Amino acid sequence: MFVQIIGLIGTALFFLSYQCKSNQNLFRVQLLSYVCYTTHLLLLGAVTGGISYVLNTIRSFCLGSKWRFGRSWAMCWMICTLQIVTLLVTWSGWISILPVAANIAATIGGYTHNARKIRVAGMFINSPLWIIYDIMVGSWAGILDEVVTEASMIISIIRYGWKALDRVED
């Protein structure tokens with residue numbers, strides 16, 4: 001139960017992240033959520049997912065910062081490469097592909113610095129793949145997180161408008 005509570009804290013934080021209008025604030029709140037999820041998944045024994053969340057934490061730190069290199073495409077490709085290395089090192093069958101593919105899509109979406117593309121990557125690639133992974137590893141908090149995240153992205157689209165989200169922030 002304690003492990004699921006850690007995940008639920010991550011869920012609450014992730015929900016709040018999509019209510020941030022600024023991409024930088026979105027990534028800052030997601031960073032805190034990822035720390036919770038890293039702990040949650042590692043305690044469940046879901047090593048690929050846990051390490052992938054470490055990389056998500058780094059990604060959110062970089063995207064939420066004013067560090068120019070951290071927000072560059074070079075950093076995007078470094079993080080994506082580290083996701084693939086994580087896949088190879090923690091391979092436990094095809095299930096290992098799910099969090100890595102999800103996170104690569106979310107990383108590329110994030111590095112577009114376009115709020116609409118961030119949400120598209122989240123809604124149609126990241127969340128569906130994570131839901132399958134969470135079911136398979138027994139992360140009830142993770143399943144809830146992805147369902148709540150989908151709802152939060154839809155709410156943000158309604159709040160800000162689809163057209164208003166199609167902008168690039170530096």
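Biologist: How do the residues of the lining of the largest cavity divide by class?

Modeller: There are 7 nonpolar, 5 polar and 1 charged residues in that lining. Ala, Val, Leu, Ile, Met, Phe, Trp, Tyr, Cys and Pro count as nonpolar, Asp, Glu, Lys and Arg as charged, and the others, Gly among them, as polar. Please keep in mind that this is a predicted model, in which local features need pLDDT of at least 70 and side-chain atom pairs count only at pLDDT 80 or more, while totals for chains, interfaces and linings use all residues. Residues are numbered from 1 along each chain as its sequence is written, and side-chain values use heavy atoms, with hydrogens and water left out.

Biologist: How many cavities does a search of the whole structure find?

Modeller: A cavity is a set of points, on a 1 Å grid over the protein atoms alone, where a 1.4 Å probe fits but cannot get out; its lining residues have an atom within 4 Å of a point. Grid points are joined across faces, edges and corners, and a volume is the space filled by probe spheres set on the points. In this structure, 2 cavities of 30 Å³ or more are found.

Biologist: Which residues lie nearest the centre of the largest cavity?

Modeller: They are Tyr 18, Gln 30, Arg 59, Ala 106 and Ile 118, out of 13 lining residues. Helices are DSSP runs (H or I, at least four residues), numbered from the N terminus. H2 (23–44), H5 (97–111) and H6 (115–137) each supply at least two residues of this lining, and H2 gives the most, with 4.

Biologist: What lines the second largest cavity?

Modeller: Its lining consists of Phe 14, Tyr 34, Tyr 53, Asn 56, Asn 103, Asn 126, Trp 130, Asp 145 and Glu 146. By class, these are 4 nonpolar, 3 polar and 2 charged residues.

Biologist: Which residues of the largest nonpolar core touch the most other members?

Modeller: A nonpolar core is a set of buried Ala, Val, Leu, Ile, Met, Phe, Trp, Tyr and Cys residues joined through side-chain atoms within 4.5 Å. Buried means under 20% relative accessible area (1.4 Å probe, protein chains only). Here the largest core has 31 residues, and Tyr 18, Tyr 53, Tyr 111, Trp 130 and Tyr 133 touch the most other members. H2, H3, helix H4 (73–89), H5, H6 and H7 each give two or more residues to this core, with H2 giving the most, 6 residues. As for Tyr 133, its contacts (heavy atoms within 4.5 Å) beyond four places in sequence are Ala 46, Val 47, Thr 48, Gly 49, Ile 95, Leu 98 and Pro 99.

Biologist: How many residues are buried in H5?

Modeller: In H5, 11 of its 15 residues are buried, among them Leu 98, Val 100 and Tyr 111. H2, H3, H4 and H6 are included in what covers them. H3 is largely enclosed by the rest of the structure, because 13 of its 18 residues are buried.

Biologist: Which residues are in contact with Ala 115, leaving aside its neighbours within four places in sequence?

Modeller: Ala 115 lies in helix H6 and counts as buried because its relative accessibility is 0%. Ala 115 is in contact with Asn 23, Leu 165 and Arg 167. Ala 115 and Leu 165 are 50 residues apart in sequence, yet their C-alpha atoms are 5.0 Å apart in space.

Terms used
On a 1 Å grid over the protein atoms alone, a cavity is a set of points where a 1.4 Å probe fits but cannot get out, and a pocket is an open set with protein on both sides within 12 Å along at least five of seven lines; lining residues have an atom within 4 Å of a point. Buried means under 20% relative accessible area, exposed over 50%, partly exposed in between (1.4 Å probe, protein chains only).
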